[in-house]
Amino acid sequence: MKHITISEFQKILHQENISPNVDFINVCTSAEYKEKHIEGVRSVPLDEIEKHKEEFKDKETIYVHCRSGKRSQVAIQKLQALKLKAELINVEGGLIAWEGAGLATGQLKRVRVPIMQQVLLTAGLLVLLGTLGALLVHPAFLYLALFVGAGLTFAGATGWCGMAYLLSKMPWNK
């Protein structure tokens, strides 16, 4: 898997964006893409990659990015499994690095709270509920707080957050 920096990606995006042999994809969820994306990069959510196989078959190069760079690596593994002839290139740091470099992003609409903010709010409420439930109702409610804490630890260690995935599937995030 080849990697490029944000500055390299910016140059290539401006040079190659009109080429039919090159594709630029963002593998964030549709809701995240609507909230913020790099202009000239189309949305192909990670969980829908296989559905787009025909669109990729004649491409020579596919540049893949996400919010931080972790999902794009998973996307490249999925694309490799599809046996595409295209060179697959991961954009290091993703949208976070793009914004960190002071580069502009596009926005389709802003109608919801960002997914990560929803995760923090939900996790906090579940931990609070579990703790209060354990104090006021039954000690077994403490397992709720324990479960959420373990989930957040797993998300921090792996870069994959089950709660973010579930929240992205909720109707208000479509």
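Which residue stands opposite Asp23 in β4? Select Ile62: that is the residue facing Asp23. Before going further, note that this is a predicted model, where local features need pLDDT of at least 70, side-chain atom pairs count only at pLDDT 80 or more, and totals for chains, interfaces and linings use all residues. Residues are numbered from 1 along each chain as its sequence is written, and side-chain values use heavy atoms, with hydrogens and water left out.

**Stop one: Asp23**

Stay on Asp23, which lies in strand β2. Helices (H or I, at least four residues) and strands (E, at least two) are DSSP runs, numbered from the N terminus. Asp23 has a relative accessibility of 6%, so it counts as buried (under 20% relative accessible area; exposed is over 50%, partly exposed in between, with a 1.4 Å probe and protein chains only). Now show Arg42: its side chain makes a polar contact with the side chain of Asp23 at 2.8 Å. A polar contact is a pair of N or O atoms within 3.5 Å; within protein, one must be able to donate a hydrogen and the other to accept it, and residues adjacent in sequence count only if both atoms are side-chain atoms. Leaving aside neighbours within four places in sequence, Asp23 is also in contact (heavy atoms within 4.5 Å) with residues including Phe56, Lys59 and Thr61.

**Stop two: strand β4**

Select residues 61–65, which make up β4; five of its five residues are buried. Look along the strand: Thr61, Tyr63 and His65 point one way, while Ile62 and Val64 point the other way.

Strands pair if DSSP finds at least two bridges between them. β2 (residues 22–26) pairs with β4 in the parallel sense over five bridges. β5 (residues 87–91) also pairs with β4 in the parallel sense, over four bridges. To find a bridge there, pick Tyr63 and its partner Ile89 in β5.

Then bring in helix α4, residues 70–81: β4, α4 and β5 make a right-handed β-α-β unit. Right-handed means that, with the strands pointing away from you, the path from the first strand over the helix to the second runs clockwise.

**Stop three: the cysteines**

How many disulfides are there? A disulfide is a pair of cysteine sulfur atoms within 2.5 Å, and by this rule the count is zero. Select Cys28: the nearest cysteine sulfur, that of Cys66, is 5.5 Å away. Cys28 is buried, at 3% relative accessible area. Cys66 is in no disulfide either, and at 1% relative accessibility Cys66 counts as buried.
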